[in-house]
Amino acid sequence: MGILSGFTRYLRLLGGLAVYTLNRELAFRGNFLVKVSVEVIWLGILIAFYRVVFARTSTVAGWNEPQYLFFVGCYFALNGLIEMLFLENCNEFAELVRTGDLDGLLLKPIDEQFLITCRRIDWGTAPNVLMGSIVMVVALVNAGWHPDPLRIATFLVTFACGTAIAYGFMLMLTSISVWMVRNQSLMEMWWLFSSLARYPKEIFSGPWGEPLGVFFTYCVPILVVVNVPANAMVRVLDGPMVALTITATVLLLWASRRFFQHALRSYRSASS
Amino acid sequence: MTPLETLETQDSAEAGSTALPPQHRYAKYLAIFRVSLAERMTYRGDFFLATIFRFLPMVTTILLWQAIYEGAGKMQSEMAGFRYRDMIAYLLLTHISRMFSSMPNLAGGIARDVREGTLKRYLLQPMDMIGYLLAYRVAHKAAYIVTSFIPYALLFFVCRGFFDGLPDPATLGAYAISLILAFLVGFFFEASVGMVGFWFLEVTSLLYIVMTVNFFISGQMLPLDLLPEPWAGLLKFLPFQYMAYFPAAVFLGKIQGTALWFYLLGELLWAVFFMVLARVLFRLGLRRYSAFGG
């Protein structure tokens, strides 16, 4: 009962914060439109890149063009969700630590992790989820895909797990700023780190690529974030990989929370 | 005396004299360089972590292109004049190009100075704003190049198999010139974008669009030669190719003879064009500037 009421309380809070940030965003409609334009351009560039590539080859690491297009759409939607919910919040954490403004947030009677990582929703990146979904649908049509409830259910579950895994990694990266003080480049760091999730894991081949692929699948499982949902939908429904993704999600959410709390214990207020 | 106090003393001294010898006139920019270098090295942990992370996209890029060439069955042949080895070498070299031509926060900083009124600090002191920003940027680039020298040297050593060795001295000379000009094109291009802040208070959005488009059309994702015509030819006439594609292509010997001189001249002209543009926009902008802020 206590857990349920706590959950609904946080859900209500999240809803309130979402409405507040949406109103803020709509106060600067021009800026919102430009942000969306940038994302449209970026998606256009990604598609143009793969059009150029697939004009010269029929497969990349065993993925044909429609399958790869689905992968790109899945990455774009998942990354959009991460950016929308967490990236801006985590990016501000370093500045909160540096200036000591974190004190104010820590005093509030709400879970620190929730308040720090979920207090703002970046509605400017919300259309990415839609754009990524459109690309996925186009790819499925191009591939002549037939609806399969099991694949759809697995995709939805692993997509949610992928988002949670990415969030766990982002939270860990964010926590480091307590010790490094100025981790202002978190946005860039995240972009660099998440580049590992941007490609099919089959590209990790060869004498040094394969061990790297194994490392980033089983030890630091960033490779499963997009690969497993995309694979489940358009290629192989791999049971063990799905199980690994779900296990990794639980472990990483737990570990990242512990790490974040440990980081907060090391925080020394910079304010007077 | 701190470096800032030294700078202040030099400026005060210069303010009272209109005919200082050149070595004194440039001493203040040397001081800016020293202060900026010290500032850059303050947050070393953050800096080194970011440097390590910067190698991750290179790793995935190498693996992706390996998969593309294998998929096309062209591991032993060429794609638009690029063998697999050339492609990886090219993409590694674009990082060196960007090391010189990328200017993080330059345009945004200028626009912020205009918006918040802090630009007046350049107007009240006997210092040219563009000159100050240039010295500051040279310092940051120097710090970045020095601190990332070892990781980059290690990377290029590990990836030496993708290269056919060092090019001949003439090509190396042309490469060095192309990089210096890439820095100038990048600096004055971004400065020009920042000057737009005199007319539109918020340029961040414009900057995002420019940077996103630039990522593709400067050749950071793939060599421009892979694009179909007329796009490949068109993009080689624009200034953006000098910020990534051109220096890398020069190093690999893809551009030689008359074409090399032609494009080097083009790079110089674009650098001069943006230098003049930034200066003109600054002058015109100052007429509109109201020095808002405290």
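Predicted model: local features only at pLDDT ≥ 70, side-chain atom pairs only at ≥ 80, totals over all residues.
I take a salt bridge to be a side-chain nitrogen of Lys or Arg within 4 Å of a carboxyl oxygen of Asp or Glu. With that cut-off I counted zero salt bridges between chain A and chain B.

Ground rules. Residues are numbered from 1 along each chain as its sequence is written, chains are lettered from A in the order in which they are written, and side-chain values use heavy atoms, with hydrogens and water left out.

Entry: the A/B interface. I looked up contacts (heavy atoms within 4.5 Å) and found 39 residues of chain A touching 35 residues of chain B. The buried area, meaning the accessible area (1.4 Å probe) that two parts lose on being put together, summed over both, is about 3,500 Å². Carbon and sulfur atoms give 76% of that area. I found four residue pairs in polar contact between the chains, both residues at pLDDT 80 or more. A polar contact here is a pair of N or O atoms within 3.5 Å; within protein, one must be able to donate a hydrogen and the other to accept it, and residues adjacent in sequence count only if both atoms are side-chain atoms.

On the side of chain A that touches chain B, α2 (29-54), β1 (59-60), α9 (186-193) and α10 (209-219) each supply at least two residues. Helices (H or I, at least four residues) and strands (E, at least two) are DSSP runs, numbered from the N terminus. The largest share, 12 residues, comes from α2(A). By class I noted 27 nonpolar, nine polar and three charged residues on this side of chain A. Ala, Val, Leu, Ile, Met, Phe, Trp, Tyr, Cys and Pro count as nonpolar, Asp, Glu, Lys and Arg as charged, and the others, Gly among them, as polar.

Entry: a helix pair in chain B. The axes of α5 (residues 84-101) and α10 (residues 169-195) of chain B come within 7 Å and cross at roughly 45°. I therefore log α5(B) as oblique to α10(B). Among the residues in this contact are F100(B) of α5(B) and F183(B) of α10(B).

Entry: backbone. I found a cis peptide bond joining E229(B) and P230(B), with omega about 10°. P230(B) is in the loop between α11 (204-217) and α12 (231-235) of chain B.

How values were computed. Axes fitted to C-alpha atoms, helices over the stretch in contact; angles between N-to-C directions. Parallel < 35°, antiparallel > 145°, perpendicular 65-115°, else oblique.
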